[in-house]
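Work through these exercises with the structure open beside you. Each task is followed by a solution in steps.

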Amino acid sequence: MTTMSASAVVIGTETSRDSERANEVVAADPVLEIAGISTFYGPVQALDNISLRVPEGHLVALVGANGAGKSTLLRTISGLESPRSGSIRYCGEDITQRPPVRRVQAGIAQVPEGRQVFGPLSVEDNLMLGAYTRSRREPLGADLESVYTMFPILKEKRKLPAGTLSGGQQQMLVIGRALMAKPRLLLLDEPSMGLAPLLVEEIFATINQLREDGITVFLVEQNASLALGAADYGYVLETGHVVMEGHGQALLNDENVQSAYLGI
Ligand code: ATP
């Protein structure tokens with residue numbers, strides 16, 4: 001089934017569990033709701049009237065080619081860029097004018113592109129740094145253990161300098177570090193970027209695990225096939241516009257997505 005919304009083509013399936021999940025996503029309360037966002041760099045318009053929602057406990061993916069505006073959208077959500085128009089609501093509150101630090105304190109954690117670990121510090125110290133916005137009196141042991149349960153390799157290497165980890169392990173570390181902040185919303189920027197195919201698979205196994213654990217994730221990726229395969233719901237961004245949206249699997253099955261993003 002293909003229908004038109006105000007801004008984008010909505011792709012759905014009539015039959016399967018996919019459409020049920022898509023309906024669940026549409027019905028669930030949003031942690032993040034973006035309405036009519038336009039962002040400029042001087043005279044250059046990077047985002048044009050973007051609207052999307054990320055419901056509690058779901059994984060939503062935004063896919064698009066180089067230069068489509070993915071990073072700009074994440075920077076707008078985290079407050080590093082100010083939109084010229086539109087609004088951003090987080091847990092029901094309008095945060096469009098809030099400074100970035102207050103967004104972090106409110107529970108929005110961003111895992112930036114490029115696996116930025118503190119190389120000379122141990123793996124465990126890197127993880128502990130992720131909890132810096134939390135109260136000093138809060139015990140962190142249980143959270144550390146839950147990160148280690150998710151990523152056993154990090155436990156094994158907890159005393160080693162983070163700089164000695166492989167690219168895939170460093171990506172796990174930055175995700176683990178973000179989870180130490182106990183975020184209500186995790187923003188992932190191109191986690192597969194620059195990783196060998198085997199490590200990309202490993203990272204997506206991790207992302208699937210986050211989804212199974214009910215962590216609310218907004219994932220931005222060029223790897224449309226893996227991102228949409230993991231997502232409950234997806235949006236396709238082209239030159240600053242959302243051109244399609246729908247359940248991840250339904251988008252993957254769409255001919256236009258296949259020819260533009262999957263090389264099929
Ligand atoms: P990539 O996957 O390459 O990171 P992207 O989808 O994240 O691409 P953006 O980096 O958000 O895309 O860029 C969106 C548009 O805004 C592009 O046309 C880009 O050239 C432009 N742009 C990005 N940053 C700036 C900047 N600092 N000044 C001017 N234009 C910019």
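**Exercise 1. Sort the lining of the largest pocket by class.**

Solution. The lining has 13 nonpolar, six polar and four charged residues. Here Ala, Val, Leu, Ile, Met, Phe, Trp, Tyr, Cys and Pro count as nonpolar, Asp, Glu, Lys and Arg as charged, and the others, Gly among them, as polar. The model is predicted: local features need pLDDT of at least 70, side-chain atom pairs need pLDDT 80 or more, and totals for chains, interfaces and linings use all residues. Residues are numbered from 1 along each chain as its sequence is written, and side-chain values use heavy atoms, without hydrogens and water.

**Exercise 2. Locate the largest pocket and state its volume.**

Solution. Start with the residues. The lining counts 23, and Val104, Ala109, Gln110, Val111 and Pro112 lie nearest the centre of the pocket. Next, take the elements. Helix H2 (70–78), helix H3 (100–105), strand E8 (108–111) and helix H7 (167–179) each supply at least two lining residues. E8 gives the most, with four residues. Helices (H or I, at least four residues) and strands (E, at least two) are DSSP runs, numbered from the N terminus. Last, the volume is about 580 Å³.

A pocket is an open set of points on a 1 Å grid over the protein atoms alone, where a 1.4 Å probe fits, with protein on both sides within 12 Å along at least five of seven lines; lining residues have an atom within 4 Å of a point.

**Exercise 3. Describe the second largest pocket.**

Solution. Its volume is about 150 Å³. Helix H5 (residues 141–150) supplies the largest share of the lining, four residues. Lining residues include Asp143, Met150, Lys182 and Ile215. By class, six are nonpolar, one is polar and three are charged.

**Exercise 4. Is Arg211 buried or exposed, and what does its side chain contact?**

Solution. First find Arg211 in helix H8 (residues 197–212). Its relative accessible area is 17%, so Arg211 is buried (under 20%; exposed is over 50%, partly exposed in between, with a 1.4 Å probe and protein chains only). Its side chain makes a polar contact of 2.9 Å with that of Asp232. Such a contact is a pair of N or O atoms within 3.5 Å; within protein, one must be able to donate a hydrogen and the other to accept it, and residues adjacent in sequence count only if both atoms are side-chain atoms.

Conventions:
Grid points are joined across faces, edges and corners, and a volume is the space filled by probe spheres set on the points.
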